[in-house]
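Please keep the structure open as you read.

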Amino acid sequence: MIEDRVELWLVIVGLGLGSFLLRFAFIGLVGSRPLPAWVMRHLRYTAVAVLPGLVAPLVMWPAATQGTLDPARLTAAVVTIVVGAWTRNVLLSIGLGAGTLYAALYLLG
Amino acid sequence: MPTETTKSIFLQGARDAAPFVLVVGPFALLFGVVAAEAGLNVVEALTFSVAVIAGAAQFTALQLMVDDVPTVVVLVSALAVNLRMAMYSASLTPYLGEASLRQRALAAYFIVDQSYGCSVLKYEQNPHWTIGQKLAYFWGTVAPVCPFWYIFTVVGAMLGNSIPEGLALDFALPITFLAIIMPMLRTPAHVAAALVSVIAALVFAFLPYNLGLLVAGILGMVTGAEVERRSAARAGDA
């Protein structure tokens, strides 16, 4: 639970302003000068560099099981990954991943 | 060839982006639910979605705040997820750079994965479009996506408080993230970046303030860029 209201609003406002500045940076300020190739090359990988790192500990050490590896959650994660790699269909992956989680929690729990 | 009016181009944009409603709606709904679970009320959740209008960054910030990570680290991590918006902005600039400052500022706010992806594709195919036609297409792609982001956040936040405990909602976020990451892994460079990020995040998990995530992000980014550079160099030799 998030208790600290000041922190919450700092994050909302800070993230809102920061995100706008990232979006406005080039189209609004830099004009049509192209970015150096090496900068574009790094920016291309930011999302795939941050999101997997965010998810990995949540899968390996779920807070719901006090940080110990949970067979049900791990199985659900693996199914989501495999379906996602196979079909590239986001909603289908979420659906089958969630279905697996409930089935596994029911069978193993 | 039928004549292209501003209105027909706007509708074309709306049609091209319409299928994304099926992704954006549930995703926003989930954000609302997770936000409510984290203790946000409806107004706070909606303000979050209106101010940031970027799902992955919002989920990241929410998760880190629940984990009681220092505010600075929350902001840096979530903004890192949104760095790709700067890339979108840079790549739209050659097409929209001649619009007025007010129009560019407004368009900048609405740069999201879907509006960017559709627009850049069409701008490449239609170099003869005027700036007015390009903007019309851009607003067309925004119309079916962004309003649903707000609306379904509210619906999710309202539902969130009435969802029973046993639903294992703690794992909704990891599953959603995994599902959106997989289609992003289009090239060996993307796969390498993601793998390095996973390994680094687990190895550096002992670092305080969740700094392990930032280390993982930087290492993953450098890895992706380096793999791309090398495969481009190899393709150049051949």
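## The contact between the chains

The contact draws 81 residues from chain B and 65 residues from chain A. On the side of chain B that touches chain A, helix H6 (residues 83-96) is the top contributor, giving 11 residues. Sorted by class, that side of chain B holds 59 nonpolar, 16 polar and 6 charged residues. Do keep in mind that this is a predicted model.

## H1 of chain A against H4 of chain B

Let's begin with helix H1 (residues 5-30) of chain A and helix H4 (residues 55-66) of chain B, which pack at an angle of about 155° with their axes 11 Å apart. Angles over 145 degrees count as roughly antiparallel, so H1(A) is roughly antiparallel to H4(B). The crossing of H1(A) past H4(B) is right-handed.

Which residues make this contact? From H1(A) come A:Glu7, A:Leu8, A:Val11, A:Leu15 and A:Ser19, while H4(B) supplies B:Ala57, B:Ala61 and B:Met65. By class, the residues in the contact of H1(A) with H4(B) are 6 nonpolar, 1 polar and 1 charged.

## H3 of chain A against H5 of chain B

The next pair is helix H3 (residues 46-60) of chain A and helix H5 (residues 71-81) of chain B, whose axes come within 8 Å and cross at roughly 130°.

In H3(A), the residues involved are A:Thr46, A:Ala47, A:Val50 and A:Leu51, and they meet B:Ser77, B:Ala80 and B:Val81 in H5(B). The contact of H3(A) with H5(B) has 5 nonpolar residues, 2 polar ones and no charged ones.

## Chain B on its own

Now for chain B by itself. What does chain B contain in the way of helices and strands? There are 13 helices and 0 strands in chain B, and its pattern along the sequence reads α-α-α-α-α-α-α-α-α-α-α-α-α. Taken along the principal axes, the C-alpha atoms of chain B fill a box of roughly 60 × 55 × 30 Å.

Chain B has 238 residues, of which 51% count as buried. Among the contacts in chain B with a separation of 6 or more, 75% come from residues 24 or more positions apart.

How values were computed: Residues are numbered from 1 along each chain as its sequence is written. Chains are lettered from A and ligands numbered from 1 in the order in which they are written. This is a predicted model: local features need pLDDT of at least 70, side-chain atom pairs count only at pLDDT 80 or more; totals for chains, interfaces and linings use all residues. Axes are lines fitted to C-alpha atoms, for helices over the stretch in contact, and angles run from 0 to 180 degrees between N-to-C directions. Helices (H or I, at least four residues) and strands (E, at least two) are DSSP runs, numbered from the N terminus. Two residues are in contact if their C-beta atoms, placed from the backbone, lie within 7 Å. Ala, Val, Leu, Ile, Met, Phe, Trp, Tyr, Cys and Pro count as nonpolar, Asp, Glu, Lys and Arg as charged, and the others, Gly among them, as polar. Angles under 35 degrees count as roughly parallel, over 145 as roughly antiparallel, 65 to 115 as roughly perpendicular and the rest as oblique. A crossing is left-handed if the near helix is turned anticlockwise from the far one by less than a right angle, and right-handed if clockwise. A residue is buried if 20 or more other C-beta atoms lie within 10 Å of its own, exposed if 12 or fewer, and partly exposed in between; C-beta atoms are placed from the backbone.
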